[in-house]
Amino acid sequence: MSARRPARRGARAAAVVALLSVAAVGCGDRGGLEGAGATPTAVSPARLWPDLRPASSPAYPYAVATRENVKGVSVPGDDIRKVDPVDVVRAEIAAHPDDYGSKGAYHATVDRVRECGPGRVRARCPLLSAYYRDLTGDGRDDMTLGFRLYPTNQTAVRVYTVEKHRLVRVLADNDAIIGVELAGRALIERSPAGIAGYEYRTTWIWDPDRRAMVFSRDEFLRTGRVPHGRKPSPSASAAPPASAAPPASVSATPSASATASPGASASGS
């Protein structure tokens, strides 16, 4: 392999010379090079408080990755598309009684999930459509689920993959959701901000070392003008009151295939 590198480098150098020659001829045809104006002076970063003792631990814990084996749900033929999303949600409810029990923050979700079965009131089912795309880079589809968390205004966003014939949850996040997008192998959540004209956007990507989707970027972005007659709030809250929160929705790019689960509601009503 090392004997071929000089030849490859020589070929690349010749190609670069040829391209520069063509570019020079092209510039000559247009009357020569043109100036782009004055170049701003580069300013190096200024380090503040160089004598400040660095922190040894974070101010508060943050779950950058969540991973959990899903118990009681099989994966026929290792095909995640053959897994019933309703069974997956029911397995989570059974595995987390502190969240979904009678005193849990999402206790009303249990009754709603019962409406996802055949012959039930589908409009009350909290489960949104399942989306399938390879987010882990192993060449196989993974499953992205969303379901409303009653009685709150939050929506659960989950991503599942298959490892060693088992279903594994590799992302679990609850938030007040405006929308969810799949961009390549990234999942992007859009959430309302307490300041009019702005929103939060959180990006999750696959981490091969943690074997989970990890928090990658959190942005506070302007989305438009502030409505006439309204002034920005002096402080932002994590989410608006439940009565003022916009309806949750889950969206994906056209290349992400969606399959409505049996008895599931795509509207999350």
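Okay, let's start at Trp49, which sits in the loop between helix H1 (5-29) and strand E1 (68-69). When I say helix or strand, I mean DSSP runs, H or I of at least four residues for helices and E of at least two for strands, numbered from the N terminus. Before going on: this is a predicted model, local features need pLDDT of at least 70, side-chain atom pairs count only at pLDDT 80 or more, and totals for chains, interfaces and linings use all residues. Residues are numbered from 1 along each chain as its sequence is written, and side-chain values use heavy atoms, with hydrogens and water left out.

So, is Trp49 buried or exposed? Exposed, with a relative accessible area of 66%; the cut-offs are under 20% for buried, over 50% for exposed and partly exposed in between, with a 1.4 Å probe and protein chains only. Together with Leu48 and Leu52, Trp49 makes a nonpolar patch on the surface, about 420 Å² of accessible area. Areas come from Shrake-Rupley with a 1.4 Å probe, and for residues only the protein chains shown count as cover. Patch residues have over 30% relative accessible area and no salt bridge; like charges are joined within 9 Å, and nonpolar side chains (Val, Leu, Ile, Met, Phe, Trp, Tyr) within 5 Å. A salt bridge here is a Lys or Arg side-chain nitrogen within 4 Å of an Asp or Glu carboxyl oxygen.

Zooming out, we have four helices and 10 strands, and the order along the sequence is α-β-α-α-α-β-β-β-β-β-β-β-β-β. Of the 269 residues, 35% are buried.

Now helix H2, residues 85-95. At its start, a side-chain oxygen of Asp84 comes to within 3.0 Å of the backbone nitrogen of Val86. Buried in H2 are Pro85, Val86, Val88, Val89, Ala91, Glu92 and Ile93. What do they pack against? Helices H3 (97-100) and H4 (108-113), plus strands E2 (130-133), E3 (142-149), E4 (154-163) and E5 (166-175). Contact, by the way, is heavy atoms within 4.5 Å.

That brings us to the largest nonpolar core, which has 27 residues; Val88, Leu127, Met143, Leu145, Tyr160 and Leu167 have the most contacts inside it. A core is a set of buried Ala, Val, Leu, Ile, Met, Phe, Trp, Tyr and Cys residues joined through side-chain atoms within 4.5 Å. H2, H4, E2, E3 and E4 each give at least two residues to this core, and H2 has the largest share, five residues. There's also a second, separate core of 14 residues, with Tyr131, Val157, Val159 and Val168 among them.

Have a look at Met143: leaving out residues up to four places away in sequence, its partners include Val88, Tyr131, Val159 and Tyr160.

Thr161, in strand E4, is buried at 2% relative accessible area. The Thr161 side chain has a polar contact with that of Asp142, at 2.6 Å. Polar contact means N or O atoms within 3.5 Å; within protein, one must be able to donate a hydrogen and the other to accept it, and residues adjacent in sequence count only if both atoms are side-chain atoms.

Then Leu171, in strand E5, buried at 0% relative accessibility. Its C-alpha is 7.5 Å from that of Val157, 14 residues apart along the chain. Beyond its neighbours within four places in sequence, Leu171 also contacts Trp204 and Met213, among others.
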